[in-house]
Structure formats: C-alpha cells, structure tokens
Amino acid sequence: MDFGDSPAEAAFRARLRDWLRDNNPGLPASSTSDDYWAGQAAWHQGLYDAGFFGLSWPTDIGGQALPSVYDVIVDEELAAAGAPPRPSLGYLVQGILEHGDEDVRRRFLPGIVNGRDRWCQGFSEPDAGSDLASLRTRAERDGDEYVITGHKVWTSYSDVADWCLVLARTDADVPRHKGLSAFRISMRQPGIEQRPLRMINGITSEFGEVTFDGARVPASDMIGKPGEGWRLAMTVVSHEREPGELGYVARYKKMVKELTRLVRDEPGRYGPEQVRDLGWAIVDAEMLRLHVCRRLSDRLDGISHGPEGSVDKLLMTQVEQAVGHAALSVGGAAHGAGGDDTWLKAYLYSRAQSVMGGTSQIQRNLVAGRILGLPTS
Amino acid sequence: MDVRLSPEQQALRDSAAQVVDRLGPHAVRELDDAERAAKLDAAVTASGWRELRTATDGDGPWASGVEAALVAEELGRGLADAPFLGPTLAAELRRLAGAPPAASPETVALAPDLADVARGTTGGAVAVDAHRAASALLLVPAPGGHRVAQAAVGAGTDRVDLTRWTAALDPGGAAAEPVADQTRPLDDDAVARWTALGLALTAADLVGTMRGAVDLACGYAKERRQYGQPIGAFQAVQHLLADAFVAVEGSRSAALHAAWAVDALAPAEALAAAAVAKAYAARAARTVCETAIQVHGGIGNTWECLAHVHLRRAILSGDVLGGAGANLARVLDHHGIGGAGGLR
C-alpha cells in the first residue's frame, strides 16, 4: 500500500505544476459565478491540449490509457495552484464507452474528451425526478430518423451545448424500464428550445430546461440498442456519483485553501465556532481526497460501478456541505451594499449536492439494500 | 500511487480477523470467561503482533504502521479483550530510544486526560490497555528532548472500556526509573512520530469498532420483527444504518492514509495525517455506536447487548492522545492557525 508517487507519477506531477504556473486562467469557482461557465470551454481545451485531461480513457478516443490514480494528481495540483477543477463529464464518457458501438464511440467520444463538442444530459423531467423510469419524452421512428417530443429539466449546460444525450421512450408497450433508448441529438435545430433556470445562488448558466417539439435525430445516433436506455442511464448516473470521476476534490480543496488563508491572515477576526467550522472543512476535504485515492486504486483491478458509488456520493455531499457551512461561517453572508457574496453563493450552491445525481435519500436506499442487504418492505 | 493492500497485508488482516472471530467475546457474558480471554491473549502473543514495532537490526520497525493498523482494526471490530495498543506503543517508545525490547508485559502511561503521553511525573498519569501489564512507560525531560522511564502499574479497572483496562500508576511504588540501555534521547520529531502512530492505531481501532457495531445492528435489523416485518425494511432504520456505513468508509480511507504516513512522511506531515484521521474517526465513531444502540431499541440500552461495549471501546480509543476537538486543533495548527487548543 503506497499513497506516494511512483517516479512516473512524480514526473507527471512536476510537468503539470510547471504548466499551471503559466496557464492558470484564474476563473472563480464553478459554484459561484457565471464567469466560470463562460471560460470553461477554453479551460477544458487548454487542459486537454497540454495532456492533462482524459488521462484514463482509451487512446482511440483521445485519452492516454493511464491508471485512474493520475486523476488524483491532477485534482491535487489544480487545487494547490488555485486553478479551476477539471471538467466534470467523465460520466458521459463512461456511459457511451460502455453502451455505444464502435461507430458511435468513434464519432462521439473524441469531441467530448477534447472539449470541442459540448454536451448536455437530458434525463430528468418535471414529473420524472427520482423516479426516472416514469419519464414521458417520446421518440417515434420516421424513416431513418426518430422524432423527439417531451420536456427535460435540470439539464446542465443546456445553454451552451451542441449536443444532448437524451433519454426517451421508444416503446410504450413493454415494462417501463425496458422501453427507453438513448440518443445524441443536435441542440442546434428548430424543434428544440432551451431556457436557463435561475438557481438559489443566482447563477443562470449551469442548469436549464429543454423542450423537444418534433426535434429530429438520425436513427444511427442512438447510443446502444433500442431499449438499452435505462441501463445506459444507470451507468451514467453511477459515475455521476463518483467524486473521482467528477474531480470535485479540487473544487473543495480550492475553497478550503482560500478560507484557511482568510483566517490565517486575520486570526483575531474569527471566533472559536468559525475556526471549528473551518477545521472540519479541512478534515472533511482531506478525507475525500484520500477516499478517492482508495477508490481509484481499486480500479487498477478493472473498472466497476456498483453500489459503492452511492457511498461516495454521500461522502462527497457531506464534504461539499461542510465546506459550504465553513464558507458561510468564515466567509460570511456579506450583508450591506458592495459586499462580496462569493461565499454566500458557494454555501447556497452546496445545498444542491444532496439532490443532483440522485438524492441522498435515494443513495441511502441503495446502500441499505445493495450493500447492507437490508430487506425491502 | 496504489493504496490497495498487498497480498501479505491481506493475509495479516485475515489472520487477525480469524483470531478474534474464534476467540473474541461474542456476547457480554463472554467477557467474564477467563479461559476464553486467556486463549485469545495466548493467540495474540503467539502471533507476534505486539512486536510489529520492535526494532530490527537497522533500528527500523519489523513492520510499518499499515500492518499494525490492520491488526488494530480487526481487534477493534471483534472487541478483543487482549492488549495490543499499549504494548505496541511501548515497543515504539523503546525502539525510538534505542532501548532493548521489554522483558515483561508493559504498556504506556498517558496524562490524566489521556490526550498526551505522560511527561515527567507519575502523578495522575493513567496506564492504558493495562491488563496484564507490570509496568508503563512515560517520558521524562533529558538533554536533547526526553528519555523513556518506567513505572509500576497499580490496580486496574474496566469501568469505561470493558475490553481494555486502564490503571493508575502504583501510588505506593517507587518513582519512575529510566529504562535501561537507551542509546538516544527522543527529540520533538521522535515524539511527533510516536504520537502519529498512536493516533493512527486508535483511528484504526475506531474504524474496527464502528464496523463491528454496524454489523451487529444490521444483523439485529434483519431479525427483529415489528408490524409484521423486519425493522430493517423500514426506511427510517435503513437510512440510519446507511449513514453509519458511509461514516465507517470515510473513516477507513483517512485511517489507512494515517497508518501509511507514520513511516512514509516527515514527522510533522505524519502527525497532521494522523490528526485528520483521528478527528474524523472519533466524531464518526460516537454517532455510529449510538446508532447501533438506537437500532437495537430498548435492548440496546441493556447491559447484555454488545452495542454499549462498542461505544465504550470507542470512548477510550477516542480519548487516547486526544479526540475530535484536540485533533482538529492539531490540524488547524498544521495549517498555520494556532491557538485553537480551546477546541476540545
């Protein structure tokens, strides 16, 4: 057991550190500002072009086929440099890798990995949240195409996306989990309208809702077989629960580092409760880094996406919300005109973590049933 | 980076698990079974686990902090009522001082609140994991840092932890005597490394104790029926147990890193890693063991239910070398925020 760098890992770390010295875009945290999302594509492309993104993915889609543990090094160095986290889209890549055929993988994945194509994910609907299999968006065959009609919500990056991974019902006559299929559909067409959602911290550029009214997609752009959509969605959401896939350790460590600096620079300004909140944020964020080391090391035996993703999601949520509490406690709510509300926004954003990617209640159900073996009622 | 256990480490963990599963207490009344306890003690003695931190010819320990922590975790899980923590920490003090191994069973003495090693005086000092120990080691000031001294152990009690005794140093006995044949003083770095080992081992013991408590409560939740079904089928119970399991997993990741750091990082970094693990695990352990009691309902509040034995073991492990607050202060201090010692 070794948490330290091998010689190859140490060399990689040194190269990344050097590169970051001249290439840190100085964007704010993703959770607090629309500016982050405006600069995110360039950051993704720069990181990829320099050889620091998509490390563990196959070489034929633009990856480097390195062990997943290299992603921990990236997260650590991004945080140490105060750089933005790496783009969180590994779950899309994993879903298409696992379910797409050779043609789909070759056509779709390189552009996602290198940051030239931007994708959003159309799963949830107004009446299909935790109960995703009840979704009602329809895909009807029309010659060589499918025609999509329905309403998606919580669609991250819908405002900038070129493409949407949309989950739709292709067969209404089979049990509901079996009638779903997944498509890549172009967002640049008349049958699609998207509208940003304004979240509780005021940002408008992360989440949106999308209506499909006769939008068209070539049948060859189905990912997986007809009826395979549910299994693809489960692959995607299980990876969406993994902090190692999302790169969120860097985001938490960056925030904790900035909060630590505030207290260190003006120690007399903060009382014991504030210092305690900061202390727990430091401890919790470090725990998550170490937990990701453990999980990504387990992947050296081969990739898996079982119920342990729910454990990781619950740990990640606890950490994000502890960091959020420290942000509110130490950073303050900035009452009064002209105050900086960055920390208030970070705190407010943290409340979404126990909902997005599957609520904490759903994760607990999965842990109880699939890991602890507790009975169903 | 590869934080998977090596095949040898897995084998060590498995053999520790087998020993406690065979000879550990499986019910509260078995704590009074002296014959069983003696067999467990003999098995631990025969295994050589208490000598993992004794010196090899080159002054290094026979095994790293990881091996010692794997044993500690399994002994904690099985509520082993045979000394391990105390003798291991005593062996580490002797190794760091360049002294020969102990000739008779010994442990370590801590300050009255258990948050630090006993320094300079035997007054109020507490020997931990003191069952079967004739003497306890403490530190006394010396040129270049500290020397290791030895004092006789008085009558012990299992008032807090039913599986590991604490004892006052023998009030009628002689004052602490220096341990013979020490070849070097313990400087601040050596004390930091020793403290890191102690925190890593108590964090590992907490992880084990928590795992055992979750196993116990899940077993009960599958068997106990109310409203015509197992109580484990109710979401309210499921979510308590899921949260407990998640807390164990997070604690385990931090504790494994702390165990590795004991020997692999510089003393200040090793101490900080250990403080992170101990703070996280100490906070988690109380809640997890309380959950185990809650899931057992009324039975969980009776002496005969093992849940309180887990909680009591967690209280002692938590207090040894400081619990959540004391280690939060250590972490903050490492990040340049001093004066947080008031966090207890």
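Two strands count as paired here if DSSP finds at least two bridges between them, and strands themselves (E, at least two residues), like helices (H or I, at least four), are DSSP runs numbered from the N terminus. The views below come from a predicted model, in which local features need pLDDT of at least 70, side-chain atom pairs count only at pLDDT 80 or more, and totals for chains, interfaces and linings use all residues. Residues are numbered from 1 along each chain as its sequence is written, while chains are lettered from A and ligands numbered from 1 in the order in which they are written.

**View 1. Strand E5 of chain A and its two partners.**
Let us start with the pairing of E5(A) and strand E8 (residues 222–223) of chain A, which is antiparallel and runs over 2 bridges. Here Phe183(A) stands opposite Met222(A). E5(A) also pairs with strand E4 (residues 163–169) of chain A, again antiparallel, through 7 bridges.

Gly115(A) sits in the loop between helix H5 (102–114) and strand E1 (119–122), and counts as buried because it has 22 C-beta neighbours inside 10 Å. Ala41(A) is 74 residues away from Gly115(A) along the chain, yet their C-alpha atoms are separated by 6.5 Å. Ala41(A) is also one of the contacts of Gly115(A), along with His44(A), Gln45(A), Tyr48(A) and Pro87(A), when neighbours within four places in sequence are left aside. (Two residues are in contact if their C-beta atoms, placed from the backbone, lie within 7 Å.)
Now turn to Met199(A), found in the loop between strand E6 (192–196) and strand E7 (207–218). Met199(A) is partly exposed, with 17 other C-beta atoms within 10 Å. Not counting residues up to four places away in sequence, Met199(A) touches Glu206(A) and Phe207(A). Gln94(A), by contrast, lies 28 Å from Met199(A), C-alpha to C-alpha, and 105 residues away in sequence.

**View 2. Domain 2 and domain 3 of chain A.**
Chain A is divided into domain 1 (7–96), domain 2 (119–227) and domain 3 (235–371), with bounds that come from an automatic or database domain assignment. The centres of domain 2 and domain 3, taken over C-alpha atoms, are 29 Å apart. Across this boundary, 4 residues of domain 2 are in contact with 6 residues of domain 3. Which classes make up the side of domain 2 that touches domain 3? There are 1 nonpolar, 3 polar and no charged residues. (Ala, Val, Leu, Ile, Met, Phe, Trp, Tyr, Cys and Pro count as nonpolar, Asp, Glu, Lys and Arg as charged, and the others, Gly among them, as polar.)

**View 3. Where chain A meets chain B.**
At this interface, 41 residues of chain A are in contact with 45 residues of chain B. Helices H8 (248–265), H9 (272–298), H10 (308–331) and H12 (360–371) of chain A each supply at least two residues of the side of chain A that touches chain B. The largest share of that side, 15 residues, comes from H9(A). By class, the side holds 24 nonpolar, 8 polar and 9 charged residues.

**View 4. The largest nonpolar core.**
A nonpolar core is a set of buried Ala, Val, Leu, Ile, Met, Phe, Trp, Tyr and Cys residues joined through C-beta atoms within 7 Å. Of the 191 residues in the largest one, Ala109(B), Ala200(B), Leu241(B), Ala255(B) and Ala277(B) touch the most other members. Helix H5 (residues 188–223) of chain B gives the largest share, 19 residues. Domain 1 and domain 3 of chain A both contribute residues, so this core lies between them. Beyond four places in sequence, the residues touched by Ala109(B) include Ala118(B), Val126(B), Leu138(B) and Leu169(B). A second, separate core has 43 residues, among them Leu109(A), Met187(A), Val210(A) and Ile223(A).

Conventions
Buried ≥ 20, exposed ≤ 12 C-beta atoms within 10 Å, placed from the backbone.
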